[in-house]
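Q: Please walk me through this structure one feature at a time. I'd like the general idea behind each feature and then the case at hand.

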Amino acid sequence: LAFKDGPGPECVVTGGAATIQVSYKGHTYYLCCTGWQQAFEDDPEGVLAEYAARLEKEKAEREQAE
């Protein structure tokens with residue numbers, strides 16, 4: 001798995017470095033492996049909902065730490 005906060009795009013599933021580009025509804029997203037690419041293709045709305053929830057949680061944790 002890729003490490004978080006590395007250079008380049010972030011995987012919408014793991015938060016690590018991503019190298020695979022996918023498009024959905026006119027937007028480009030990045031994934032770190034073909035397994036997650038298949039999962040994204042099977043359920044893009046679900047993957048993106050989990051991504052949004054993870055980002056919100058990380059934001060709340062950062063704000064709480066301040």
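A: Going along the sequence, the pattern is β-β-α-α. A word on the source: this is a predicted model, where local features need pLDDT of at least 70 and side-chain atom pairs count only at pLDDT 80 or more, while totals for chains, interfaces and linings use all residues. Residues are numbered from 1 along each chain as its sequence is written, and side-chain values use heavy atoms, with hydrogens and water left out.

Q: How do β1 and β2 run relative to each other, parallel or antiparallel?
A: Two strands pair if DSSP finds at least two bridges between them. Here, β1 and β2 run antiparallel and are joined by five bridges.

Q: What sits in the loop between β1 and β2?
A: K25 is found there. The hairpin has two residues between its strands, and K25 has a positive phi of about 50° although it is not a glycine. For accessibility, the cut-offs are these: buried means under 20% relative accessible area, exposed over 50%, and partly exposed in between (1.4 Å probe, protein chains only). K25 counts as exposed because its relative accessible area is 63%. Over the protein chain, 29% of the 66 residues count as buried.

Q: Which residues of β1 are on its covered face, and which on the uncovered one?
A: The general idea is that in a regular strand the side chains alternate between the two faces of the sheet. In β1, the covered face carries I20, V22 and Y24, whereas Q21 and S23 make up the uncovered one.

Q: How do I read a pair of aromatic rings?
A: Such a pair is described by the distance of the centres and the angle of the planes. The cut-offs: rings of Phe, Tyr and Trp (its six-membered ring) pair if their centres lie within 6.5 Å, and planes under 30 degrees apart count as stacked, over 60 as edge-to-face and the rest as tilted. Searching the whole structure turns up two aromatic pairs. Y24 and F40 make an edge-to-face pair, 6.1 Å centre to centre with 90° between the planes. Y24 lies in strand β1 and F40 in helix α1 (residues 34-42), so this pair ties together parts 16 residues apart in sequence. Y29 and F40 form a tilted pair, at 5.8 Å centre to centre and 45° between the planes. That pair also links distant parts of the chain, with Y29 in strand β2 (residues 27-31) and F40 in helix α1, 11 residues apart.

Q: Are Y29 and F40 buried or exposed?
A: Y29 counts as buried at 18% relative accessibility, and F40 is buried with a relative accessible area of 3%.

Q: Which residues touch the most other members of the largest nonpolar core?
A: A nonpolar core is a set of buried Ala, Val, Leu, Ile, Met, Phe, Trp, Tyr and Cys residues joined through side-chain atoms within 4.5 Å. The largest one has 13 residues, of which V12, V22, Y29, L31 and F40 touch the most other members. β1, β2 and α2 (44-65) each supply at least two residues of this core. Contact means heavy atoms within 4.5 Å; leaving aside neighbours within four places in sequence, L31 has contacts including V12, V22, W36 and F40.

Q: What do the buried residues of α2 pack against?
A: They pack against β1, β2 and α1. The buried residues of α2 are P44, G46, V47, L48, Y51, R54 and E58.

Q: How do I check the span of α2?
A: The expected span of a helix is 1.5 Å times one less than its number of residues. For the 22 residues of α2 that comes to 32 Å, and the end C-alpha atoms are 32 Å apart, which agrees.

Terms used:
Helix = DSSP H or I, 4+ residues; strand = E, 2+ residues; numbered from the N terminus.
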